[in-house]
Structure formats: structure tokens, C-alpha cells
Amino acid sequence: MKREETDVLIVGLGPVGAALAVYLGSSGVSTIAIERDTGVYPLPRAAHLDHETMRLLHLAGGAEAVAKASQPLSAYEFRNGAGELLMGFRPEGDLAPTGWPTSSMFHQPTLEDALRARLAKIPCVSVRLGHALSTYEENGGGIVATVAGPDVAHEIAARLIVGCDGGNSVVRRVAGIALDDLGFDEPWLVIDTRLKNGVERLSTIGLQHCDPARPVTSMPMSPGRHRWEFMLMPGETAEDVMSDARLAAMLAPFADPASLDIERRAVYRFHALIARQWRKGHTLLAGDAAHQMPPFMGQGLCSGTRDAANLAWKIEAVLRGRANESLLDSYQAEREPHVRMITEMAVAMGKVVCTQDAEAARLRDENMLATPEAARRSAMPGLDGLKSGVLPGGGAVFPEPWLPTGARLDDLVRYAPILIVRDECEASAAFGDRGGFVARAGFFADSHGDLAALMGDAAAVLVRPDRHVFGVGATATLVAAWNAYLASGVAKAEAIAAA
Ligand SMILES: Cc1cc2nc3c(=O)[nH]c(=O)nc-3n(C[C@H](O)[C@H](O)[C@H](O)COP(=O)(O)OP(=O)(O)OC[C@H]3O[C@@H](n4cnc5c(N)ncnc54)[C@H](O)[C@@H]3O)c2cc1C
């Protein structure tokens, strides 16, 4: 059987596999990405991206196309069957400190096309569409995979395999990795529509109609598109609700069906599942292969993108011998608590929405409406920063520093660690020599004072490639702690910082 060799084999070229392939490829890591299908996934999926994810996708070359074809969400509201507000969230300001809108409503295929276009320009990444992983084996120093292509099966030997192959991950199954079930399993019909006659939007508000008679979600998507999701009621099947006539009847209370073209439709079961191991030997899992959450926070793809951004530089450092393999274990340690927190929030929101028992809904409403309306409104919930893999005081998402030209620092640096110093010194030169990007604080416009507030009196701030602040302090200490972290994981880095 024909055999090829590569450093990393990515299985699945959904958005997470594609973002990971760009990050690895832009770091010069030889990568083969195989994808079972020949086109991007045709059914409705992600419609919302948060600002942190837009920034990470910008580093992967995917955000510009999305930004052109997206619109900000002005509010996210949960209303009961009578239309009363149960809870509502609003973004604060036009742009988040990352330089992107707090919430962008978009069309997932636009993103996937943009990432694939970027990949096509990266020579060390080879994309194989129409190639499916059949199975693989560990072979000491790596893995050997059997891949079924359009013609014959062949083997790919790789030092690492990353399963980005979605909820039914073959990689996860072959690796024998079990899932933790957080107790959510609800069937929903999802309908993506195109608005006729040049209408750009029906609303800029995302709405959860928490009506026990039929919970319904209404979401703007990219301009010219709108999504509805209808919960299936007990006894209903996918076949019952998929006909044109049923869709029109379900849409009628919300919009004139004649003003819409139905573009895509699907019935999904929304789950809350987290893989117990995200790394096992030479296997890693990312995106839906590692975790699935109900879409009430719009965070599945966002979380998968964070996985890719957390993982790629660690893989590169390990493959180049700059880091111990144990650095790969920090991936799950850093990412899983974040995913678990978001999944639990999404499940809690889902339980508010998915109440189908009229008496339970009445009690829910009574309880929530007892709070004055002003207190039921709040800012969009912020997400935690990193709790490990950073020095004490680090972990926050780095606010985007703008250049005097109006460009973003991210335009200049892309996916690499960044050291911002007051004054250049030996330690900063050494950091630059090892592939880090070094800039002086005075180089930035910093018109909102975010960088000044972050640095305080410190000499430097070191930012991880995934744009979490690694630490703020003396330049030499930060650089030594970063090198120690790469070499042996978080514990030693913290020890250096504490010394
Ligand atoms: C209705 C709905 C709404 C959602 N809304 C949001 C939202 O608003 N915001 C958000 O962030 N997330 C949302 N999500 C979640 C988001 O769509 C997913 O988290 C995201 O698509 C996962 O990306 P992925 O790359 O991990 O997996 P996938 O997109 O599933 O990609 C996996 C890829 O692997 C390929 N593959 C599978 N097996 C093999 C194999 N053996 N060999 C080769 N290739 C293989 C598949 O063909 C597929 O292309 C939503 C999901 C749903 C269902």
C-alpha cells in the first residue's frame, strides 16, 4: 500500500481543522489535512461568532470575508409565551477590546471557504478532499493511518494525528476516548432562509421565544439571511416537520413565508458532551470531536477555534524539539475548564428555553419576572480568561493594540507570541531570535489606554500566540518563564515567576 509521511495529520476540514491547518502551516509545520467530503458542510450550523473568535480567525485569514458578510447582534433576548422579557443581554460599545464586534452574525460556509482559500496558499499544508480516515494505529514514534480516497486506500504516517472530525469522530472512537454527558439531549428543526426582494434583515435582535407550546429561536445571520429554530414536541419526528407545507406553517407566525426562500433545513439533537481525554499518546482531539454543546450561547465553533489556537504553537514547539511532549497535556488542562463553563451556561440557558411543560413554564416565568425588568437586562456575559498556562495575573484576552496607521498589531504579527517592552534589552532580543515578535510600547496608538492599563509600571507584557496574556513584569523574567513553560509545562513557569 502507498505510504506518505508528514508531521501532523489533521482529520476533518471543518472550520476547526481548517483553522488548525492554517496555524500549523503558517508556522511551517508539514501537515496533511484529509476531509471525507468534497465541499463544505451544506446544512445550517453556526450563525454567531464572538469577538475573541473573530480575532483568532483573523490570525487564520478567515475574518475579513466573514466581517464583510456579517452583521453585529444588537441584543439577545429570552421572552416567554406572552412576549415578556425573561432576560436580555446587550453588547457594550461597538467594538470589544479585541477590535471586533462583541457578536457577529454570519454564514458558516463563507468562513469555511475563506479558510480553505488561505490554506491553498500555504505550501507545507496538503489538503485532500474526498479522503476519509478508516482507522489508524500507534507505532511508537507516531501513528499510521489508513485513508480511503477516491481511488485506492493508502497509508499516512504522522508524528501526531488531530481529530477535528466532528461529533461522530472516528479518531475519538479509534483512540477509545469516552465522553462525559452533561445531560442535555433535545431535538430541534433548524431552517436557514434567504430574504427576498433585497431585504437585508428582519431584526438585529436574537430572540428565544420560550413558549412551552413550541420553543422557537429567531436569529439574524449574514445580511439577507435569517434563521429560525423550532423545538420538536414530544412524539414529533424529523419526517413530520421537514415538508415545505409544515415549514411554511411553522414560519407563518414570525414572517410571511412568501417573502422567504428556504435555503437549508435540518433536524439536530443538541447535546452537551465533553471528551475525557483530549490527548492520548500521539492523538489529539479538537472542536466538536472534543466537545459538543447546545447552541444557546453560539459557542461551539468559537470553542473549537480556541482549541486550534491553543494547540498549534504547542505542536510546533514539540515537533521542533523546543518543548517537552508534556506541553501537549497543558492543552486539555487549559481548554477544558473553559469549555465546561460555557457548556454549563449553554445547558442552563437551554433549560430556560426548552421548557415544554406549561406549569413548569408558569413557575419559571413567575420566578424570573419577580426581578425588576432593569435587573433582567445585562451586558453580554464575558467569558473567563485562561486559568493555567499563564503567570499569576496573566490569562486575560489581550486587548488589540492599534498602530498609528490604523492597522491592527494582529495584521503585522499573525499567529506568534508577542513581547511588548518599554525598552529593548538582551532578553527581548533573545525572544525575537526564537521566533517571537518584539515591539516597543511607544509604537502603538493606544488611544483607549488599554495597553497602558495592562502594563501599569511593568517593563513588559508577554502575549501567547492565542492572544492570552502570559504575564506582565520584568522582561527577563517573562522570557525565562516563557521558555520554561515551553520546555516543561506550566508548573515550572509559575515556579520561576514566584521566585
Ligand atoms: C444548529 C446549530 C447552530 C450552531 N450555532 C453555532 C453558533 O452560532 N456559534 C458557534 O460558535 N457554534 C455553533 N454551532 C456549532 C458549530 O457549528 C460546530 O461547533 C462547528 O461546526 C464544529 O466544527 P468542527 O470543525 O469541530 O466540526 P465539523 O464542522 O463537524 O467538521 C468535521 C469535519 O470532519 C469531516 N470528517 C468526519 N469524519 C471524517 C473522516 N473519517 N475522515 C475525514 N473527514 C471526516 C466531516 O466531513 C466534517 O467536514 C452550531 C451548531 C448547530 C448544529
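User: How does R3 count in this predicted model: buried, partly exposed or exposed?
Analyst: The model is a prediction. The relative accessible area of R3 is 45%. Buried residues lie under 20% and exposed ones over 50%. Since its value falls between these limits, R3 counts as partly exposed.

User: With which residue does R3 form a salt bridge?
Analyst: A salt bridge requires a side-chain nitrogen of Lys or Arg within 4 Å of a carboxyl oxygen of Asp or Glu. For R3, the closest N and O atoms of the pair are 3.2 Å apart. The pair links distant parts of the chain, as R3 lies in strand β1 (residues 3-11) and its partner in strand β11 (residues 153-163), 152 residues apart. The partner of R3 is E155.

User: In which sense do β1 and β11 run?
Analyst: Apart from the R3 to E155 salt bridge, the two strands are joined by eight bridges. One of the pairings sets E5 against A157 in β11. The sense in which β1 and β11 run is parallel.

User: How many bridges join β10 to β11?
Analyst: Strand β10 (residues 143-148) and β11 run antiparallel, and they form a hairpin with four residues between them. Within this pairing, A145 stands opposite I156. The number of bridges joining β10 to β11 is six.

User: Which residue of β18 stands opposite I161?
Analyst: β11 also pairs with strand β18 (residues 283-285). Three bridges join the two strands, which run parallel. Opposite I161 stands T283.

User: How many of the residues of β11 are buried?
Analyst: The criterion for a buried residue is a relative accessible area under 20%. β11 has eleven residues and is mostly covered. The number of its residues that are buried is nine.

User: Which strand contains the salt-bridge partner of E263?
Analyst: The side chain of E263 meets that of R194 in a salt bridge, with 3.3 Å from N to O. This pair too links distant parts of the chain, 69 residues apart, with E263 in strand β16 (residues 260-275). E263 is partly exposed at 30% relative accessible area, and R194 is likewise partly exposed at 41%. The strand that contains R194 is β12.

User: Which residues are linked with R55 in a network of salt bridges?
Analyst: By the distance rule, the count of salt bridges comes to 37. Side chains of opposite charge can pair when their charged atoms come close. The network that includes R55 also links E400, D410 and R467.

User: Which strands are the edge strands of the open sheet that contains β3 and β4?
Analyst: Three strands form this sheet in the order β3-β7-β4, with antiparallel pairing. Each edge strand pairs on one side only. Two bridges join β4 to β7 (residues 103-105), with Q71 opposite M105. The edge strands are β3 (48-50) and β4 (71-72).

User: What angle does the direction of helix α2 make with that of β3?
Analyst: Helix α2 covers residues 51-59 and packs on the sheet. There it touches β3 and β7. The angle between the directions of α2 and β3 is about 85°.

User: In what order do the four strands of the open sheet with mixed pairing stand?
Analyst: The edge strands of this sheet are β22 (437-440) and β24 (469-473), each pairing on one side only. Neighbouring strands are turned by 15° against each other on average, direction ignored. β21 (residues 418-421) and β23 (residues 460-463) pair in the antiparallel sense over four bridges, with V421 opposite A460. The order is β22-β21-β23-β24.

User: What radius of gyration does the chain of 499 residues have?
Analyst: The chain has 16 helices and 24 strands, and 55% of its residues count as buried. Its C-alpha atoms fill a box of roughly 70 × 60 × 40 Å along the principal axes. A compact globule with 499 residues would have a radius of gyration near 23 Å, and the chain agrees with this, having 23 Å.

How values were computed: Residues are numbered from 1 along each chain as its sequence is written. This is a predicted model: local features need pLDDT of at least 70, side-chain atom pairs count only at pLDDT 80 or more; totals for chains, interfaces and linings use all residues. Side-chain values use heavy atoms; hydrogens and water are left out. Two strands pair if DSSP finds at least two bridges between them. Contact means heavy atoms within 4.5 Å. Axes are lines fitted to C-alpha atoms, for helices over the stretch in contact, and angles run from 0 to 180 degrees between N-to-C directions. The radius of gyration is taken over C-alpha atoms; the globule rule is 2.2 Å times the number of residues to the power 0.38. Buried means under 20% relative accessible area, exposed over 50%, partly exposed in between (1.4 Å probe, protein chains only).
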